[in-house]
Amino acid sequence: MTWIFENWERFWEVTEVHLRLSVVPVLIGFVLSIPLGWLASRSQTARAILFPLANILFTIPSIALIVITPVLIGVKILDEINVVVPLVIYTVALMVRTVADALSAVPGHVTAAANAMGFRPWRRFLTVDFPLALPVTIAGLRVATVSNISMVSVGALVGLGGYGQLFTEGYQTDHTEKVLAGLIGTVVLAALADGLLLLIGRVLTPWARAGR
């Protein structure tokens, strides 16, 4: 803890990097997972393709993806996109099943009522299906966000990674307080992000609390 207060500017600098490298992939991955999850919820063929593919992608070691990304997309090794792209892949892999299951769990009589009222498919999705799927979707998003915050540190092995830089620097110089500072930062950031998403979920889904 002492190191954090004595080196606040440095700690805040790596915190900003860590936050950026965590949040951007979550947002992109979440947006991509919505249409993919919707497709999987409506088509058994899509489900049979997307779910195994997501499982395979999630098993690829993060360091391998980070190292191979600049080769595949032609950017410099120290470009932040080399961390963003793998984490987007992991987020989509985590979220596509969650979104699909959440949409599939929407009660049939609710969708039938919306159809009877003349709701077109996209209007029904935006105003009925997706709002009702939010509790499960946000639960999955919380898992993906915390996972990303944890995995960002792996980027330090190629010169990126926010708090991961404190881990590597502390290990190389036998500076335990630096390692502890990175650990504390990661845990606190994950807890804050999880709490924020929990709060957002409660605000957006008041009927879920009323039902309980």
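The largest share of the lining of the second largest pocket in this predicted model, six residues, is supplied by helix α2. Residues are numbered from 1 along each chain as its sequence is written, and side-chain values use heavy atoms, with hydrogens and water left out. Because the model is predicted, local features need pLDDT of at least 70 and side-chain atom pairs count only at pLDDT 80 or more, while totals for chains, interfaces and linings use all residues.

**Pockets**

A pocket is an open set of points on a 1 Å grid over the protein atoms alone, where a 1.4 Å probe fits, with protein on both sides within 12 Å along at least five of seven lines; lining residues have an atom within 4 Å of a point. A volume is the space filled by probe spheres set on the points. Among lining residues, Ala, Val, Leu, Ile, Met, Phe, Trp, Tyr, Cys and Pro count as nonpolar, Asp, Glu, Lys and Arg as charged, and the others, Gly among them, as polar.

| Pocket | Volume | Lining residues | Make-up of the lining |
|---|---|---|---|
| Largest | about 420 Å³ | 18 residues | 16 nonpolar, two polar, no charged |

Nearest the centre of the largest pocket lie L27, L141, T145, L197 and I200. Its lining draws at least two residues from each of α2 (8–42), α7 (121–151) and α9 (176–204), and α9 gives the largest share, seven residues.

**Overall build**

The protein chain holds ten helices and zero strands. Helices (H or I, at least four residues) and strands (E, at least two) are DSSP runs, numbered from the N terminus. Along its principal axes, the C-alpha trace spans about 65 × 40 × 20 Å. Of the 212 residues, 42% count as buried, where buried means under 20% relative accessible area, exposed over 50% and partly exposed in between, with a 1.4 Å probe and protein chains only.

**Record annotations**

An unreviewed UniProt entry lists "domain: ABC transmembrane type-1" at residues 15–205. That span is 83% helix and 0% strand, with its end C-alpha atoms 31 Å apart. The feature "transmembrane region" is placed by UniProt, also in an unreviewed entry, at residues 20–41, 53–75, 87–111, 132–160 and 180–204. Such annotations may be inferred rather than shown by experiment. Residues 87–111 are 88% helix, and their end C-alpha atoms lie 34 Å apart. For residues 180–204 the helix content is 100% and the end-to-end C-alpha distance is 36 Å.

**Aromatic contacts**

Rings of Phe, Tyr and Trp (its six-membered ring) pair if their centres lie within 6.5 Å; planes under 30 degrees apart count as stacked, over 60 as edge-to-face and the rest as tilted. The count comes to seven aromatic pairs. One of them joins F58 and Y90 edge-to-face, at 5.6 Å centre to centre and 85° between the planes. F58 lies in helix α3 (residues 44–59) and Y90 in helix α5 (residues 81–104), so the pair ties together parts that are 32 residues apart in sequence. F58 is partly exposed at 37% relative accessibility, whereas Y90 is buried at 2%. W8, F11, W12 and Y163 form one aromatic cluster.

A charge sits over a ring if NZ of Lys or CZ of Arg is within 6 Å of the ring centre and within 35 degrees of the ring normal. The charged end of R97 sits over the ring of F51, 4.2 Å from its centre. R123 has its charged end over the ring of F119, 4.0 Å from the centre.
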